[in-house]
Every structure is written in C-alpha cells, then in structure tokens.
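Please look over the sequence and the model shown below before reading this report. The headings that follow take up one topic at a time.

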Amino acid sequence: MKRQIPLMIVLILGLLFVAHVFIPSKLSSDYLDWFMKWTKVIGPFAIVLGVFSLVLVHYNKIKRKAPNWGYSLVTLGALIVTTAVGFIWGIQEGTPYMWIFKNFNVPLGATMFSLLAFYIASAAYKAFRARSIEATVLLVAAIIVMLGRVSIGQAITHWIPDITEWILNVPNLAAKRGIALGVGLGMTATSLKIMLGIERSYLGGRD
Amino acid sequence: MKVCSKFGLLLLIFTLLLVSSALGDMLPNNEPVEGLKIEDVPHDDGGGLMLSWKPLPKEKRIIEYRIYRGYTPDSLFYIGKIPVDAKTGVAADTMRYVDQGWTFFVDATSHAKLKHEKGQKKGTKGAEVLYRTVPRDMKVYGPMMDHYRMLAVIPDKEYLYHTKMREFTDVDTTEDGTIDTTSTILAGMKLEQVKYILTKLTVGKDYYYAIQALNMNRTASPLSEIASGRTTDDPPEKLKEFYAVDVTDKEQLQFEWSLPVFTSDQKQFNIYLYDEFDDQHLIFTRPDAYPYTPQTNAIVPYDSIAARFEAFNPANMKWYKFNIGEQDRQDQETLAKDEPIPAEMISSTTLPHPPVHFTVKDQPNDKGDQLQVYFGYPYYGLSKLTYNDEFTKLTVTYFITENSMYEVNRLILTINGTTKTEYVLDNKLDFKVNWDHTHPMEITGRFVCKHKGQAPLPEDYAVTHTFIFDTEMQVVLIDNPPNEQMKEFQEYYFQVYKINHTSDVYRYAKQMSFREREYIDKVSYETVQFRGRPRFSLDEKRLYFSTYLSIVNYKDHYPFYTQALYLDQLKQQDEEIKEEIVKLQAELETETDKEEIEKIENRINLMTEYIEDKPMIVKEANLLNSDKERMKMLYDDHCKNARSFKYYIRKTDGKGHFVDTPVYTAPNGEQYIFPKQNWFNTDEVITFIAVLLFTALVYFMIKAARKGKRLYIRPIAGIQEIDNAIGRATEMGRPILFVPGLSGISDVATLAGLAILSKVAKKAAEYDTKILVPCRDFIVLPIAQETVKEAHYEAGRPDTYDKNSVFFITQAQFAFVAGVNGIMIREKTATNFYMGMFWAESLLMTETGSMTGAIQIAGTDAVNQLPFFITTCDYTLIGEELYAASAYLSNQPLILGTLKAQDYMKLIIVITVVLGTILSTVHLTFFMNWFPTK
C-alpha cells in the first residue's frame with residue numbers, strides 16, 4: 001500500500017494533466033488553475049526542509065571541528081543574521097536585509113557570473129584546437145560565425161554574414177531540432193514510465 | 001582557533017554595521033513634507049481629489065512618499081505610496097497623487113487589528129493619528145463605510161448559495177410626525193466570503209490627508225501638515241471632436257464624436273439641432289454604456305428628427321447647425337462646441353463600402369469564452385524590402401492577415417512583370433528584378449484561398465503596394481506615398497460593437513485597422529457579483545448586501561426582471577405587492593382626478609404583471625423548493641443571457657463618414673451568439689494520434705521484452721563509462737559528486753537525473769565510496785535523500801548511508817555554483833556527475849572540475865549548455881541519452897522496451913519529415929499543413 005497509493009496518485013494526476021492538453025473545456029481549465037494554486041501553497045513549506053538540511057550539515061561540521069569548519073560558521077552566521085534582520089526590519093527597499101542583498105548577494109553573484117567570460121575563452125581554446133578534421137571544421141565554422149556577427153565581417157566580404165546566417169539557420173538549427181526531437185520523445189517516454197509505475201526511483205527505488 | 005576568532009570578529013563587525021544602518025543614524029530624516037494642497041479633480045463624478053506637495057531635496061535620499069487619508073483629522077489610514085529613485089530624487093517642483101476611482105478598502109487578508117504606523121515616535125506631532133491600512137476589524141471598518149461609497153466584489157458561489165437571510169426594520173419619522181416603517185431583507189456574509197471591498201470618495205464631503213517621506217534607511221520624516229479637501233461633482237468635460245454629416249440621398253444625418261476621459265458619471269450624449277432662429281432642439285439621445293465604452297457615433301434619420309422637431313425641413317439643412325452635449329448623472333451638461341457647426345452635405349456614394357462577409361461564430365477549441373468576429377478578403381502587407389547593391393535582387397518580407405472564412409494557401413506576387421508563387425508562406429520571398437531605383441515600383445499580390453462556405457475570392461481581387469528608394473535616407477519606403485487603393489484602405493478603420501441581453505445599449509468592443517480581418521472577442525465567464533453599500537452587524541460580524549439577480553424578461557417595456565435570492569423573501573415580496581394593489585384599488589375608488597386615476601391604474605397593472613406574468617424561467621425556478629436549486633437554475637439563465645452577444649461593424653474615418661454592416665444573423669436566424677465550451681481540441685489531433693501511437697509502441701515493445709526478445713540498444717559511451725568512473729573514485733579513495741541539475745522536481749530532466757542518481761548511489765554503496773549530492777531545490781532535496789538511502793539499502797549497506805551527504809546549498813544560482821566549486825576543491829572529488837537541467841552555471845562547474853582533475857560525466861537536455869559540457873567533460877549524454885541512461889543502467893526489459901519504442905517513434909518522425917520535405921518541394925503543401933505549426 002505504501003507504494004501503491006503514491007503510484008495511483010501519480011497515474012491519476014498524470015492522466016488528468018494529459019487530458020488537459022486535449023480537453024479545453026472550462027472544467028479542465030479550472031482544474032489546472034486550482035492545481036497550480038495548491039502547488040504554490042505547498043512549495044514554501046518545503047523551504048523548511050532545505051534550511052533544516054543546511055543547518056544540520058554545517059552544525060555537524062562545526063561540532064566535529066571538521067576541516068575548514070570556519071566556512072560553516074560563516075554560512076550559519078550569515079543565515080542567522082540575514083533571517084533575523086529580515087524578520088525584524090522587513091525586506092523592503094531601505095531595510096538592512098536589502099542592504100545585505102545589494103552589497104553582498106548581488107556583487108558576489110555578479111563576480112561568479114563574470115568568471116564565465118574567462119571560462120568560455122578557456123573552453124573555446126580546448127574546443128578549437130585543430131587536432132582532428134571535426135575540430136578543424138568546428139574551428140572554421142566558429143571563426144566565420146564570429147566574424148559574421150561583427151561589422152568587420154561585412155567589411156571583408158558580404159559573404160561572411162550570409163554564410164553565418166546559413167550556418168546558424170541550417171546545420172546548427174537542424175542539429176538543435178534533432179536534439180529537441182529526441183528530448184521531446186525522451187521526456188514523453190520518461191513521463192509515461194513514471195505514470196505507469198515502470199520508473200519508480202523517485203519514490204526511493206525499492207519495490 | 002585563530003581562524004575561528006577571526007571569523008567571529010568579522011561576523012560581529014558585520015552585524016554592528018547592519019544594526020547601525022538599520023537604526024538610521026547614518027541619514028537623518030527630520031524635515032516634514034511641506035506645501036500639501038488638496039484640490040478637487042475637475043470634470044469627474046465627485047469621487048476624486050488631487051494632492052500636491054513640494055518634494056524633499058535629493059540629499060534626503062527619499063525612497064517613497066506615503067499617503068494617509070481619513071474622514072476626520074484624528075485618524076488617517078495608509079492608502080498608497082509613490083516610489084522615488086533615491087539617487088535622482090524628484091526633478092519636478094511639485095509631486096501629485098490623485099485619489100480617484102475605486103480603490104482597495106478591506107478584505108480577509110487585511111491586518112487583524114488597528115495598528116499605528118511605524119516610524120512615528122510617540123508624542124510627536126501626528127504620531128497618534130497615523131494608522132496602517134484599514135484592518136479587517138468590523139468595529140473599525142464598519143462605521144467608516146458610511147463616509148465612503150462602497151463596492152463589494154463577491155464570488156458568485158458565495159453570494160448565491162452561502163448567505164444568511166436577515167430582515168432589517170427601519171423606522172423613520174416623517175416631517176408631519178407620522179412613523180414610517182420599512183422592512184428590508186438582506187443577504188448576510190462574513191468578510192472572508194467577500195473577495196474584497198472597494199471604496200470611493202463621496203460627493204460633497206471633506207477628507208483629510210497627510211504625507212510622510214521614507215528615506216533609504218526607512219526612517220520616516222515627521223508628518224506633514226494635515227490638509228483637507230472637499231469633493232465636488234463638476235459638469236462633464238468638453239468633448240474634443242464632433243462631426244456632423246448629412247447624407248442627403250439616404251435622408252439621414254451621421255454624427256461622430258470623441259470619447260470623454262471620465263465616463264463613470266456619464267449619463268448620456270445629447271445631440272442638438274439649432275434652427276435658422278438659433279433655437280435649440282434635442283434630436284438624439286445616446287445613453288452611456290458605463291462601465292463599458294459607449295458608441296461614439298450615431299445615425300439619425302430625418303423622420304426621427306421630425307418626430308422631435310416638427311418644423312424640421314431637410315431643404316433648410318444649410319441653415320441648421322449642430323452641437324453635442326455630454327450629460328452626467330446629476331444632469332449637468334457641457335456642450336462640445338462653443339459655436340454649433342453646420343453639417344457637411346454628401347451623397348452616399350462618397351461613403352466607404354461596408355466590409356463583406358461579416359460573420360460571428362463560436363471560437364473552436366476553447367473553454368467557451370471566445371467568439372470569432374471576422375469579415376472581408378485576405379490582405380498582405382510588406383514589413384520590409386531589402387535589396388542588393390546592384391538593385392537586381394529584392395527580398396520581400398511580407399505578412400498575411402486572413403480569417404477563418406478565407407484561409408490563404410498561396411500568395412502570388414508580381415513585381416515588374418515577374419511573378420512568383422509562394423507555396424510555403426514563410427513570410428519571405430526573393431525576386432530577381434532590374435529595378436531602376438530612382439522610380440517607384442509596384443508589387444501586386446493575389447491569393448489562392450480555401451473559401452469555407454463563401455463564394456470564391458473575386459478574380460480581380462488583388463492588393464498592390466508601391467515602394468520607392470529614398471536616396472537621402474538610403475532606405476526603401478513602402479506605401480509612402482500610398483497608391484489609390486492603399487489611400488482608401490488607410491483612410492478607414494473598423495469598429496466592432498456588441499450588445500447582450502442584459503444591456504440596453506451597444507458597447508464598443510474593438511477598433512481594428514484596415515489590415516485586420518479577424519477579432520477574437522473574449523466573453524469571460526461571470527465569476528463575481530458587485531454589490532454596493534453594505535450594512536453590518538457587530539454582533540453577528542456579518543456584512544449585509546441587497547439580494548437580487550437580474551433575469552432577462554424579453555419584453556420591450558419591461559426588459560429586466562429582478563429576482564430575490566430567497567424563496568421566503570419572494571413570497572413576502574409578493575404578499576406586500578398584493579397588499580399594495582389592494583390599497584391602490586381602494587384609492588382608485590375614491591380618486592376623481594383623471595390623471596391620478598391613470599397613474600394608479602398603470603401602477604396596478606405593472607404590479608399585477610410583476611406577480612402574474614413572470615418570465616418562464618422564473619416560474620419554473622419558483623416551483624423548486626430549495627433555494628440552492630432555484631438559484632442555480634436562475635443563475636444559469638442569467639449567465640447565458642449575459643454572455644450572448646449580437647454584433648455589427650462600423651467602417652469609419654472618425655469624421656462622420658461611416659457605414660454599418662447589418663447586425664449579424666446566424667444561419668439558424670439567431671442574432672445573439674453564445675460561446676460554447678469544447679470537449680476536444682481539434683488542433684491537437686495529430687498530437688493525440690502521436691501519443692496513442694507512441695503508447696502502443698511502448699506497450700508492444702515492453703510485451704516483446706517480457707517475452708524474452710533481445711532488444712538491441714546502441715552503446716552510449718557516456719553511460720558505459722559510469723561504472724569505470726565510480727571505480728576510479730573508489731581506487732583513489734575520494735568522494736563522488738553528483739549534481740541533479742538546478743531545476744525543480746516538475747522538470748522531467750530532474751526526474752531522469754534522480755533515476756541515474758539511484759543507480760550511481762547503489763554502485764557507490766557497493767564499493768563503499770562516499771557520494772555527495774548538493775541540491776538547489778528544497779523539494780528535490782528530500783527525494784534525493786530518499787533515493788540515496790534506498791540505494792544503500794538495496795546494496796545491502798544501510799550502515800554507510802550518511803544523510804548529510806545529500807544536502808541543500810542555496811536557491812541562488814551563482815551562490816550554488818560557488819558552493820559546488822568549493823566542494824570540488826576542498827573534497828578533491830574524483831568523479832563528478834552533472835545530470836539534469838543546467839543554465840549558465842554549467843561551464844563554471846565543469847571547468848572547475850576539469851581543473852581539479854576529476855573525471856566528469858554530464859547529461860542534459862538544455863541544448864544551449866551541451867557545447868560547454870562537451871568541451872569540458874570527459875563524456876556527455878546528449879538530450880535523449882539522459883533519459884535513456886537509467887534504462888541502460890537497470891537493464892530491465894520493461895525499461896528497455898520504452899527505449900526501443902522511442903527509437904521506432906523517431907523513425908516514424910524522420911519518415912514524416914522526409915516525406916513532408918519531398919512533397920513541399922514539389923509544391924504539395926497539404927501534408928505539411930496537416931501538422932500544427934506550434
């Protein structure tokens with residue numbers, strides 16, 4: 001029963017959602033709205049699980065004096081301080097919470113994101129090393145596309161932007177659509193496996 | 001310990017910094033807002049006041065101005081704010097806030113109790129009078145309702161089925177000293193049952209306002225002076241435009257005017273004729289359609305004028321002048337023109353041609369809340385024309401507007417004698433022409449259409465555009481200047497008007513340009529009732545609203561029948577009316593004045609009709625004993641009438657030159673069209689067939705696998721290497737990192753990732769290798785924990801399961817990356833798995849993993865992230881391989897069956913694509929058109 005009830009719920013709700021795609025009636029539409037409202041209500045409760053896990057992991061590290069436990073102290077400290085100021089002064093513009101967000105969270109996030117530029121350069125170097133025919137084709141295509149995207153490409157010859165457009169719209173798009181097709185079928189197959197109870201690992205794996 | 005104390009110190013400094021910032025010591029805000037003035041909003045319905053004040057200087061770093069209102073100066077409630085950019089401040093000398101229209105008053109989510117506003121120090125000026133929003137405490141909001149206009153928005157179900165009937169008896173003493181007793185039955189509801197209550201200022205009443213400014217530290221400024229203003233119901237505004245046109249051969253006058261800004265107080269438009277002696281005669285009245293947009297034009301036949309102005313003579317038209325007055329509900333009127341205007345005299349031949357084939361029908365494949373309004377032949381327009389340097393190649397970017405009646409299959413374009421047929425309407429067509437770009441050129445388009453139930457397109461129907469190269473601007477100008485055909489097109493536009501059973505005037509539904517051919521009219525389901533001025537009972541904690549539902553009576557002299565909610569109320573009403581009839585009949589016997597007798601007889605007739613000649617639906621409903629069943633029957637009828645519309649289209653230039661289509665009549669003779677809900681979406685037929693086909697394939701493949709048929713699955717390197725990668729981590733004695741994507745549990749990629757996690761964790765448990773699973777989503781977290789736990793149980797190693805190995809990091813995308821990267825570096829993970837949905841963070845993680853020397857296997861269906869994974873990971877599962885991985889790893893026939901079905905389905909799709917391509921290439925587009933385009 002412990003397994004059958006969740007599987008039954010999954011099957012019934014799954015079929016209802018599939019039916020919604022083909023049934024545009026008011027009943028079907030109201031059901032979806034109602035379900036979405038419940039999803040929104042349930043979601044925030046799960047945050048407790050996340051916070052509990054975070055606190056437990058870092059508390060244990062501090063307790064055991066695990067290597068680098070100082071970082072755990074900072075994490076927990078930041079969690080407590082941010083939560084406290086949020087509860088005490090609110091989270092609107094001008095509150096300490098917003099000050100933390102603007103002066104810590106945003107610049108740190110931006111720093112991480114900006115690293116991406118350097119990592120892309122490094123990844124591009126790896127990809128474009130002309131060690132094989134495929135890599136050489138990739139290198140040539142990349143050079144054309146890069147030139148076609150800037151005005152210097154047009155200045156060299158109007159063929160470069162035209163070839164760029166062709167590369168992006170024909171072979172690139174064809175490959176993308178091919179992958180998307182496989183993904184679509186894969187998603188449908190996985191959904192079907194879950195609905196029919198063939199794939200049960202999300203329930204914990206044991207039958 | 002040293003490290004620990006350093007961190008502690010940092011944390012302390014950080015906290016102190018925050019607290020000092022929060023206390024606002026850094027930025028004093030000790031100047032009140034000055035110059036607060038309250039003025040009446042001109043031309044409105046007496047429900048608006050305009051506040052103005054001098055903003056504080058930029059240096060004060062103000063982030064918002066908060067507005068408080070009350071009907072006495074000793075209690076002001078927060079009603080709204082104006083946010084300000086603290087860095088730029090307010091450039092203007094004056095700030096304004098208009099307190100007008102229906103604004104939020106109270107609902108079940110309001111504060112429970114009356115709360116003083118924060119930020120005002122006790123004992124300071126204004127601190128005791130300032131409150132937060134109106135609370136849901138009836139003791140507070142109940143008495144306030146007498147000082148405002150109120151409008152409650154009540155869900156239909158609550159109003160019709162879950163109210164409590166209560167009778168109120170009001171006793172009034174009249175001027176002559178007699179006591180008048182009135183009994184009223186109202187429907188009682190709790191505040192929780194009401195969606196919300198809106199409020200509006202009352203006419204001729206004083207209201208008090210104050211302003212408070214908040215700076216960046218959220219420190220409130222001292223309260224401004226409390227200022228007051230009185231609402232006044234002003235005469236309506238002047239209409240900006242008014243045109244009069246005399247269509248002599250049709251013997252009618254046509255008028256057109258502009259819309260007023262304020263319509264809430266609008267009662268009607270009056271059109272006046274001024275005769276040769278400048279005497280004013282009212283010749284036409286158009287009631288307003290509030291809360292909808294009214295018609296802004298009218299056709300007035302000579303006969304109708306003559307009925308109101310006996311001396312009317314069309315021969316004197318050149319002497320007549322016209323004006324329009326806008327009249328409000330207080331019967332105040334404003335004329336549009338200072339001097340009346342003469343009518344422009346034209347013949348009907350100069351009027352535009354009405355749109356052809358005007359049709360209204362139910363929109364298919366919807367939930368019953370849309371109607372299709374369409375007309376005319378298809379149109380094509382040019383969005384862009386590009387050319388090569390030699391002007392020998394033109395690329396035409398076009399768009400087509402069509403409707404359900406004429407669906408375009410092909411577009412035939414001709415430029416300079418060169419004709420090309422566009423079989424696949426992809427909005428782009430190349431032409432090889434020799435264009436002398438110093439001269440304009442024409443492009444003509446003809447259509448090949450499916451004509452559903454209509455005559456085919458006229459053979460000579462074509463749309464021609466002119467284009468010219470502007471040598472100065474170096475661009476191609478389209479229809480600038482327009483040719484004769486485009487001039488006529490561009491001069492006119494279409495106005496769609498509609499009316500339902502429960503209205504007595506047409507309302508404006510949509511304005512359409514000359515390019516448009518179809519309009520989907522939203523006919524929303526009725527979900528709420530609006531009721532004004534509730535009573536309240538503090539003992540019962542209930543609000544009481546008037547009880548009625550409007551039912552259509554289908555009688556010209558008595559179009560609407562107001563029906564009570566409760567059967568008891570209905571019986572009581574009928575009894576009261578019967579008593580009234582008896583009284584009137586008694587009066588009739590003693591009355592001698594003929595006029596009075598006629599009046600009394602009329603009243604008796606109306607009352608008798610109300611009781612005896614009820615609409616059929618009301619008679620049927622009143623036979624039911626349950627209030628609930630009765631209301632359901634009446635409400636269904638009410639909704640059907642409220643949602644059935646009849647339509648007509650007016651083609652106009654906005655200056656009185658217009659022509660109407662007749663009101664649309666369906667083939668069954670019905671003019672009111674009702675939108676019906678559909679139970680199958682025919683647009684999804686192909687999808688439905690594909691789903692059935694795929695399900696059948698899965699079924700047969702699973703059956704075949706169960707019977708022991710060996711299913712060949714092509715080897716995928718990334719999946720085959722999973723075992724080796726886990727083995728490597730075991731040999732090195734280092735942990736495995738598994739990231740199940742950054743998406744939530746509703747993403748199928750996350751579920752596929754968790755399925756792979758189950759297999760990897762089992763293998764890791766068997767080898768006694770530690771696995772770390774950081775999660776970004778807190779719903780994914782417990783599922784991942786359970787998956788890993790069960791994997792350990794399956795491997796027979798429950799003792800090695802560590803709950804803390806599956807943990808939550810954060811929801812912030814880049815903070816999560818920082819956390820994962822930190823784990824890779826600190827824990828020196830030997831093998832990294834990335835399975836699921838990823839965004840921009842993918843490269844940041846895999847590049848770090850690559851630098852730490854870990855073996856990396858990634859799998860995602862995010863097409864844009866695949867190149868990053870391929871470059872930085874050792875193995876990548878591309879798209880569908882992610883979904884196939886768990887099947888590969890499990891090697892169960894059931895799961896392998898679905899995989900094989902996927903392959904066969906792909907084969908079918910590939911065959912379909914190839915077939916479609918071949919057929920389209922030879923201009924057979926029927927096959928391609930079977931498939932939905934989205």
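## Domains of chain A

In this predicted model, chain A is assigned domain 1 (4-89) and domain 2 (129-195), where the bounds come from an automatic or database domain assignment. The centres of domain 1 of chain A and domain 2 of chain A, taken over C-alpha atoms, are separated by 37 Å.

Residues are numbered from 1 along each chain as its sequence is written, while chains are lettered from A and ligands numbered from 1 in the order in which they are written. Because this is a predicted model, local features need pLDDT of at least 70 and side-chain atom pairs count only at pLDDT 80 or more, whereas totals for chains, interfaces and linings use all residues.

## Overall form of chain A

Chain A has eight helices and zero strands, where helices (H or I, at least four residues) and strands (E, at least two) are DSSP runs numbered from the N terminus. The radius of gyration of chain A is 26 Å, well over the 17 Å that the globule rule gives for 207 residues, so chain A is more spread out than a compact globule; this radius is taken over C-alpha atoms, and the rule is 2.2 Å times the number of residues to the power 0.38. Along the principal axes, the C-alpha atoms of chain A fill a box of roughly 65 × 50 × 40 Å.

Of the 207 residues in chain A, 19% are buried; a residue is buried if 20 or more other C-beta atoms lie within 10 Å of its own, exposed if 12 or fewer, and partly exposed in between, with C-beta atoms placed from the backbone.

## Helix H8 of chain A

Why does the distance between the end C-alpha atoms of H8(A) agree with its number of residues? At 1.5 Å a residue, the 37 residues of H8(A) should span 54 Å, and the end C-alpha atoms are 52 Å apart, which agrees; the expected span is 1.5 Å times one less than the number of residues.

The buried residues of H8(A) include Ile160(A), Gly182(A), Leu185(A), Met187(A) and Ile194(A). Just after H8(A), Gly197(A) takes a positive phi of about 80°.

## Where the chains meet

In the model, 66 residues of chain A are in contact with 79 residues of chain B, a contact being two residues whose C-beta atoms, placed from the backbone, lie within 7 Å. Among the helices that each supply at least two residues of the side of chain A that touches chain B are H1 (4-22), H5 (96-128) and H8 (159-195).

## Chain B

Chain B is divided into domain 1 (31-230), domain 2 (242-350), domain 3 (359-492) and domain 4 (716-891), and 55 Å separate the centres of domain 1 and domain 4 of chain B, taken over C-alpha atoms. The secondary structure of chain B comes to 19 helices and 48 strands, and 36% of its 934 residues count as buried. Chain B has a radius of gyration of 38 Å, whereas a compact globule of 934 residues would have one near 30 Å.

Glu59(B) lies in the loop between strand E2 (48-54) and strand E3 (62-72) of chain B. With 8 C-beta neighbours inside 10 Å, Glu59(B) counts as exposed.
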